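Let us walk through this structure piece by piece. Keep the sequence and the 3D view side by side.

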Amino acid sequence: MARFRMSICRGFLYLVVGLAACELLILNITILYAYFSIHNEITGLFAGSQKGTFIDKLLQVPSVRNLVYEGKNGGFLKLIQNTVERMYFVTENGEVGAVAGANSPHASGFDRHQISYMAMDVSSAGEALFLIRRIRGRGKSFFTNYSRLIVDIGANDGLLSSNSFNLIQLGWDAILVEPQLSLLNLAKQNIERYADPYNEGKQKVILVNSLIGQRDGLEDFVLTSEDMESHVFDARRARRERGRDTSKQLIVKVPSMTVQSFARKYKVPTNFAILSIDAEGIGDKILHQWLDAGFRPAYILYELLHNREHMAITATFMRKNGYRFLIKLGWNYVYEHVPEDQGLDLEE
């Protein structure tokens, strides 16, 4: 019996070694092919009689020329937007890109050599920094009209592609709503260092394990292998996806609250700074609930993906409720509330 076990172990070991050898062989062949393809292009070019600088000659190599073309055709711009343009500095008093003066209410013994830190916009398409700059441009009076609060519906893990993480870093109050408990636990870990770090009670960050739906109680929720694709069960969507591999999906019951119940329970003010809605198919219903209930966030980030309502209908609804469209960043449509005394042209 022992000899039989040894044979099985030896066979398994040979199998693993054989697979590793095959992978290494395929990898080396790929690297060598890529190397010789470029090498032949470059050596063939320099072996000729072409004149010009090294860069001129290099740009005649097809693969290099294609790379430069792709860069000029938006590639370089996307690279900049997703690297250096996501970085910003924050001073100790929470201001972005500014240094507090000696007369600042936050003045301290460190004002002479102001302490700052570098931060990075972690939102999906730069939504967070876009709104931070927009709000800062409106001056201090902004917060006399809107509470320093973000309500993040569909907060996921609270970090990757998060619209609320950077604002929590700046000391904002936040309510993160996520029906998947495992993701909400991750969000708790991701923000715990930044949410009221000195336990002074000045910053309130609330994590809510629920979805915002049409009724209070429990709802069927479809868990998928991709966390960001999990969604409230929809019979029409299920019929549309019939025939696809759904073996990795699981339907569970999750808590559900209407907007009015949610706002009442967590004391959400009528006018707060940012509402972010990423609800995978019911975002339009949630949006209507908020505005029909009389809430007027200064900015609304609205993800259209999988929603039933056509965007043209949503746009008309938003204008009638005093919102103008600013920009589309990634999947998010960004709307800004226009106070009644400024007026809003519904035909714009």
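A residue is called buried if its relative accessible area is under 20%, exposed if it is over 50%, and partly exposed in between, using a 1.4 Å probe and protein chains only. By that rule, 36% of the 348 residues of the protein count as buried. This is a predicted model: local features need pLDDT of at least 70, side-chain atom pairs count only at pLDDT 80 or more, and totals for chains, interfaces and linings use all residues. Residues are numbered from 1 along each chain as its sequence is written, and side-chain values use heavy atoms, with hydrogens and water left out.

The secondary structure comes to 11 helices and 13 strands. Both are DSSP runs numbered from the N terminus: helices are H or I with at least four residues, strands are E with at least two. Contact means heavy atoms within 4.5 Å. Of the contacts in the protein with a separation of 6 or more, 70% are between residues 24 or more positions apart.

Start with the sheet of 7 strands. Strands of a sheet pair through backbone hydrogen bonds, either parallel or antiparallel. Here two strands pair if DSSP finds at least two bridges between them. The 7 strands form an open sheet with mixed pairing, in the order E5-E4-E3-E10-E11-E13-E12. E5 and strand E12 (323-329) stand at the edges with a single partner strand each, so one side of each has no neighbour in the sheet. From one strand to the next, the twist averages 15°. Axes are lines fitted to C-alpha atoms, for helices over the stretch in contact, and angles run from 0 to 180 degrees between N-to-C directions.

Now look at the E5 end. Strand E4 (residues 173-177) and strand E5 (residues 205-208) run parallel and are joined by 4 bridges. Leu176 stands opposite Leu207 in E5. E4, helix H7 (residues 181-191) and E5 make a right-handed β-α-β unit. Right-handed means that, with the strands pointing away from the viewer, the path from the first strand over the helix to the second runs clockwise. Ala195 sits in the loop between H7 and E5. Ala195 is 27 residues from Ile168 in sequence, but their C-alpha atoms are 6.3 Å apart. Beyond its neighbours within four places in sequence, Ala195 contacts Ile168, Gln203 and Val205.

Helix H10 (residues 283-292) lies across strand E3 (147-153), strand E10 (272-277), strand E11 (299-303) and E12, at about 155° to E10. In H10, 7 of the 10 residues are buried, so the helix is largely enclosed by the rest of the structure. Among them are Ile286, Leu287, Trp290 and Leu291. Just after H10, Gly294 takes a positive phi of about 95°.

Helix H11 (residues 311-320) lies across E11, E12 and strand E13 (332-337), at about 15° to E13. Which residues of H11 are buried? They are Met311, Thr314, Ala315, Phe317 and Met318. Seen down the axis of H11, they fall within an arc of 160°, so they line one face of the helix. That arc is taken from the directions from the helix axis to the C-beta atoms. The buried residues pack against H10, E11, E12 and E13. On the other side of H11, Ile313 and Lys320 are exposed.

Next, go to Ser162, in the loop between E3 and helix H6 (165-169). Is Ser162 buried or exposed? At 2% relative accessibility, Ser162 counts as buried. Its side chain reaches the backbone nitrogen of Phe165 at 3.0 Å. Not counting residues up to four places away in sequence, Ser162 touches Val122, Ser123 and Asp152.

Finish with an open sheet of 4 strands, in the order E6-E9-E7-E8, with mixed pairing. Strand E6 (211-212) and strand E8 (231-232) stand at its edges with a single partner strand each, so one side of each is left without a neighbour in the sheet. Strand E7 (residues 217-223) and strand E9 (residues 250-257) pair in the antiparallel sense over 7 bridges. The bridge partner of Gly217 in E9 is Ser256.

Definitions and conventions
A polar contact is a pair of N or O atoms within 3.5 Å; within protein, one must be able to donate a hydrogen and the other to accept it, and residues adjacent in sequence count only if both atoms are side-chain atoms.
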